[in-house]
Amino acid sequence: MNSASKPGIQPSAEIGRQAGELVEEFLRIIMIPDPEGARAFTAPDLRIRFTGGREMQEPADCSAFNAGRYAWVKKRFERTDVVAGATADEAIVYNIGTLYGAWPDGTPFEGNRYVDRYVVSQGKIVEMQVWNDSAEWLLVRAGLAQAWPSPMGAGA
């Protein structure tokens with residue numbers, strides 16, 4: 001008997017689909033920003049490692065950090081990938097795309113790449129890791145690094 005036919009056991013693909021949808025909805029809500037609403041998608045012992053290796057524990061920590069770095073910021077999803085073999089105990093989800101918004105001085109930007117990695121367990125996000133190009137772009141804006149020609153456009 002395969003796992004798809006055992007009562008109470010969901011196929012890996014279905015668990016993965018649900019985990020991917022959960023992450024996308026979490027991101028939609030946190031980017032409103034509605035960190036309290038986003039908290040409903042996370043486990044009580046959520047572990048967050050944000051850009052620069054910053055350890056955080058609450059979606060509100062992410063929103064507060066973003067409020068200090070940007071006038072406003074949103075994510076444009078390009079894709080959401082779930083690692084093969086997802087189980088109810090552990091599904092690894094990557095959400096990849098670009099950030100767009102405005103720097104604190106109001107200068108707009110777009111095309112800022114990001115990769116987020118999530119671990120979903122029992123229908124809740126238990127771990128979140130966030131990487132993006134913002135720090136590099138801020139170095140260029142401050143004159144501390146040279147702009148690099150990119151087919152994705154300037155943005156910085």
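Q: Which elements each supply at least two residues of the lining of the largest cavity?
A: α1, α3, β3, β5 and β6 do. Helices (H or I, at least four residues) and strands (E, at least two) are DSSP runs, numbered from the N terminus.

Q: What kind of model is this?
A: A predicted one: local features need pLDDT of at least 70, side-chain atom pairs count only at pLDDT 80 or more, and totals for chains, interfaces and linings use all residues. Residues are numbered from 1 along each chain as its sequence is written, and side-chain values use heavy atoms, leaving out hydrogens and water.

Q: Back to the cavity. What counts as one, and what as a pocket?
A: The grid is 1 Å, over the protein atoms alone. A cavity is a set of points where a 1.4 Å probe fits but cannot get out. A pocket is an open set with protein on both sides within 12 Å along at least five of seven lines. Lining residues have an atom within 4 Å of a point.

Q: How much space lies in the largest cavity?
A: About 160 Å³. That volume is the space filled by probe spheres set on the points, with grid points joined across faces, edges and corners.

Q: Which residues lie nearest its centre?
A: Met 31, Phe 50, Asn 66, Lys 75 and Val 130, out of 20 lining residues. The largest share, five residues, comes from α3.

Q: How do the residues of that lining divide?
A: 13 nonpolar, four polar and three charged. Nonpolar here is Ala, Val, Leu, Ile, Met, Phe, Trp, Tyr, Cys and Pro; charged is Asp, Glu, Lys and Arg; the others, Gly among them, are polar.

Q: And the second largest pocket, how much space lies there?
A: About 150 Å³. Its lining includes Ile 30, Met 31, Pro 33 and Trp 72. α3 (59-69) and β3 each give at least two lining residues. By class there are eight nonpolar, two polar and one charged.

Q: What about the peptide bond from Ile 32 to Pro 33?
A: Cis, with omega near 0 degrees. Pro 33 sits in the loop between α1 and α2 (35-39).

Q: Which phi does Gln 122 have?
A: A positive one, about 55 degrees, although Gln 122 is not a glycine. Most residues other than glycine have a negative phi. Gln 122 lies in the loop between β5 and β6.

Q: Is Gln 122 buried or exposed?
A: Exposed, at 51% relative accessible area. The cut-offs: buried is under 20%, exposed over 50%, partly exposed in between (1.4 Å probe, protein chains only).

Q: New topic. What is the strand order in the open sheet?
A: β2-β1-β6-β5-β4-β3, six strands with mixed pairing. Two strands pair if DSSP finds at least two bridges between them.

Q: Which strands stand at the edges?
A: β2 (54-56) and β3 (72-82). Each has a single partner strand, so one side of each lacks a neighbour in the sheet. β3 and β4 (residues 91-102) run antiparallel and are joined by 10 bridges.

Q: Where does helix α1 lie?
A: Across β1 (42-50), β3, β4, β5 (108-121) and β6 (124-132). Helix α1 (residues 12-30) runs at about 175 degrees to β3. Axes are lines fitted to C-alpha atoms, for helices over the stretch in contact, and angles run from 0 to 180 degrees between N-to-C directions.

Q: What does Glu 24 touch?
A: Phe 77, Thr 80 and Asn 95, not counting residues up to four places away in sequence. Contact means heavy atoms within 4.5 Å. Glu 24 is in helix α1, and Thr 80 stands opposite Asn 95 in β4.
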